Amino acid sequence: MSEITIKGRIGTSLPHESAHLHVSGEARYTDDIPEPIGTLHVAIGMSERAHARIRSIDLGPVKEAPGVVDVMTAEDIPGRNDIGGPLRDDPIFADGLVQYVGQSVFAVAATSVEHARRAARLAVIEYEDLEPILDIDTALEKQSFVIPTMKLSRGDADRAIRGAPHRLQGQLRFGGQDQFYLEGHIAFALPKEDGDMLVYSSSQHPGEVQVVVAHALGKTAKDVIVECRRMGGGFGGKETQPALFASIAALIASRTGNAVKVRPDRDVDMIMTGKRHGYRVDYDVGFDEQGVIRGVDFMFASRCGMSADLSGPVNDRTMFHADNAYFLENVSITSHRCKTNTVSNTAFRGFGGPQGMMAIEWVIDEIARSLEIDPLDVRMRNFYGIGERDITPYQMKVEDNRLMEIIPELETSSDYRQRRLEIAEFNGSSELLKKGIALTPVKFGISFTATHYNQAGALILIYSDGTVQLNHGGTEMGQGLFTKVAQVVAEELQIDIGRIRCTASDTAKVPNASATAASSGSDLNGMAALAAARELKGRLTQFAAEQFDVPPDQVRFSNDAVHIGEERLSFAELANRAWMGRVSLSATGFYRTPKIHYDRTTLTGRPFYYFAYGAAVSEVLIDVLTGEYKVTRVDILHDVGESLNPAIDMGQIEGGFIQGMGWLTTEELWWNAKGELQTHAPSTYKIPVASDMPQVFNVSLLETGRNNEPTIHRSKAVGEPPLMLAISVFHAIKDAIASVGEQRLSPHLSGPATPEEVLMAIEDLNRRLAAEREHASAGVA
């Protein structure tokens with residue numbers, strides 16, 4: 001009879017640890033925490049101007065409104081009126097100057113949500129309008145930047161471009177994206193004794209919330225505890241943004257002595273909080289007859305909003321991913337971080353990487369179309385090599401290139417070449433419906449570019465009955481981090497995962513934790529938990545060896561039991577004996593990512609521990625009369641190393657791809673001439689829904705995947721890289737549009753490629769074709 005294997009081993013497809021709670025409605029989010037008697041609810045009074053001085057503010061009607069208990073402005077803050085990090089450029093409440101429509105000016109606390117929201121509308125504010133900067137072009141013209149421009153170069157791009165046989169110049173624009181997490185922002189503050197404060201925050205970075213709240217209260221980190229059991233989605237939007245709502249909740253809780261909840265509705269959430277950065281990209285590229293890039297110059301200009309927030313590292317990562325999978329021997333990259341009178345943009349899945357990749361993929365596609373070569377062939381001719389052509393523009397060596405395996409395998413499994421021929425035949429006989437196809441790669445760097453964030457801690461407690469409580473600095477937002485880290489501990493201690501309880505992320509248990517971001521959650525927290533588990537396993541091993549008088553190497557943990565020489569104890573029995581023997585059964589673990597280093601002044605070094613790779617083939621069908629389209633088929637092959645949990649990894653790949661598809665197809669952010677965001681609800685902002693799923697959706701993990709670096713069980717990060725696989729959808733749409741002109745001209749297409757944008761691109765292409773024919777006729781005449 002074969003030995004029973006524990007449930008939850010590394011590499012097994014387990015459901016999410018809270019899946020049963022999610023589907024039954026029993027998962028407790030911040031808004032589900034029972035409210036003490038006397039809890040106050042807060043609404044935030046927002047600026048109605050994009051750029052103005054506040055000449056006067058009358059809050060009398062607000063204070064006199066039914067149910068109102070307290071009203072707070074900038075002058076009432078006992079500590080620091082700022083959530084903006086080192087630059088201190090993002091106030092909790094505007095203090096005399098407003099810089100975007102929706103900026104917080106005051107907060108009102110009342111006995112109910114309705115009372116608070118009604119009262120907030122009663123403020124009378126008189127403004128002195130100033131000239132706003134609302135777009136990238138105006139910011140560039142006026143040299144308006146939140147932080148200084150950065151430049152990265154290698155070789156002599158200008159000379160290489162001028163000396164190349166072929167040259168193209170152009171411009172690409174693509175918009176931002178709202179994170180649209182299912183659970184909106186929320187903070188719930190409960191004052192404790194002696195001025196201490198407990199804050200429940202839907203946050204990817206409880207440690208930062210702790211620090212910002214402490215500064216706002218005029219206190220220190222020891223006086224504030226921040227806890228988050230789970231979020232209903234984050235996607236980067238809950239990395240820095242929660243600090244505003246948590247600070248307001250804590251400030252009013254401190255002043256009134258009441259528990260205080262801040263929960264903006266969806267419209268307010270979208271108006272007040274930062275999004276993915278929109279970009280303008282100018283390029284100048286020189287290349288040879290085979291499409292190999294000789295030199296390229298990029299100018300990136302991003303819409304950062306009114307303050308720096310995370311725009312520095314976001315734009316740095318854009319520069320680091322402007323190569324994507326391609327060796328650029330002569331390259332110049334300029335990055336402008338534009339200050340506009342709109343909400344400060346922030347982190348979003350990919351963190352600037354998708355924008356850099358969009359630029360180089362557009363350039364590759366334009367080269368291919370100008371030479372009338374299959375874009376896949378041009379891509380492959382420009383790929384990083386193995387042992388040669390393998391140094392990035394920022395001087396990091398690409399040591400683990402898996403694209404040479406992934407691309408041929410995907411090309412074959414997706415039948416890419418044959419389908420391209422069939423699509424050309426279809427388009428030749430179909431006047432109103434056109435198909436397009438594209439295959440695009442992803443090479444994404446894994447690590448925080450801010451080197452000091454690449455650390456993690458964990459705490460493991462073993463109880464006398466053999467059950468285990470696990471805590472670490474990572475946060476759970478639905479991505480399955482808690483499940484994967486629990487699997488790491490189960491594997492190391494050789495116990496069933498049902499014996500392990502994951503507890504809420506808590507600044508009182510693991511201090512100074514980094515944000516759960518940069519796709520590093522499992523890499524960092526898994527290794528920290530492994531270190532703690534090994535420490536405890538070592539103590540138990542030593543105790544067992546002494547108790548049974550055997551060498552430590554004869555103590556073996558296996559399948560919920562411990563074999564000690566010829567003896568066998570259950571894990572629970574050994575834990576109880578160790579407790580009776582006064583052995584410490586709690587341990588902390590710590591991990592810091594090795595090898596990485598990065599000089600931000602020169603933008604060189606090794607900012608990433610390794611790269612994650614993948615590729616996707618997308619096929620679309622467009623209606624040339626309306627611009628409407630369907631994604632008919634998608635094939636994905638992605639490298640996750642040796643997967644910790646294939647089911648969770650597959651979910652991340654599928655979800656990331658669809659979210660990326662939304663960014664590039666349907667999710668359009670639109671501000672009017674007054675700087676007011678008009679797309680601030682599901683009625684006007686269109687995220688992908690079930691009917692937008694590809695009709696055929698084939699997703700595979702690279703079977704030979706294994707991380708060259710000693711990450712947690714040789715796995716690879718999977719949170720962000722799949723999003724950029726959706727660039728293939730954008731280029732498939734572009735390919736379909738190009739077929740309107742029989743692939744003779746390259747379409748002018750901006751992102752997101754909404755049906756309106758597609759239709760305008762088709763009409764523009766038809767005008768250019770007509771002008772070409774007219775010019776040819778004039779030449780003949």
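Predicted model: local features only at pLDDT ≥ 70, side-chain atom pairs only at ≥ 80, totals over all residues.
Let's start with the whole thing. For 781 residues, a compact globule would have a radius of gyration near 28 Å, and the protein agrees, with 28 Å. Along the principal axes, the C-alpha atoms fill a box of roughly 100 × 75 × 45 Å. Of the 781 residues, 61% count as buried. And if you take contacts between residues at least 6 apart in sequence, 80% of them join residues at least 24 apart.

Now let me zoom in on one strand, E10, residues 197-201. How many of its five residues are buried? Five of the five, so the strand is largely enclosed by the rest of the structure. In a regular strand, side chains alternate between the two faces of the sheet. In E10, Met197, Val199 and Ser201 lie on one side, Leu198 and Tyr200 on the other, and all are buried.

Who are the neighbours? Strand E9, residues 187-191, pairs with E10 in the antiparallel sense over five bridges, and Ala189 stands opposite Val199. Five residues sit between the strands in this hairpin, where Asp194 takes a positive phi near 60 degrees. Strand E11, residues 224-228, runs parallel to E10, joined by four bridges. Here Val199 stands opposite Val226.

Finally, follow the chain onward: E10, helix H6 (residues 206-217) and E11 make a right-handed β-α-β unit.

Terms used:
Residues numbered from 1 in each chain as written. Heavy atoms only, no water. Buried < 20%, exposed > 50% of the residue type's maximum accessible area, 1.4 Å probe, protein only. Helix = DSSP H or I, 4+ residues; strand = E, 2+ residues; numbered from the N terminus. Pairing = 2+ DSSP bridges. Right-handed = clockwise from strand over helix to strand, strands pointing away. Rg over C-alpha atoms; globule rule 2.2 N^0.38 Å. Contact = heavy atoms within 4.5 Å.
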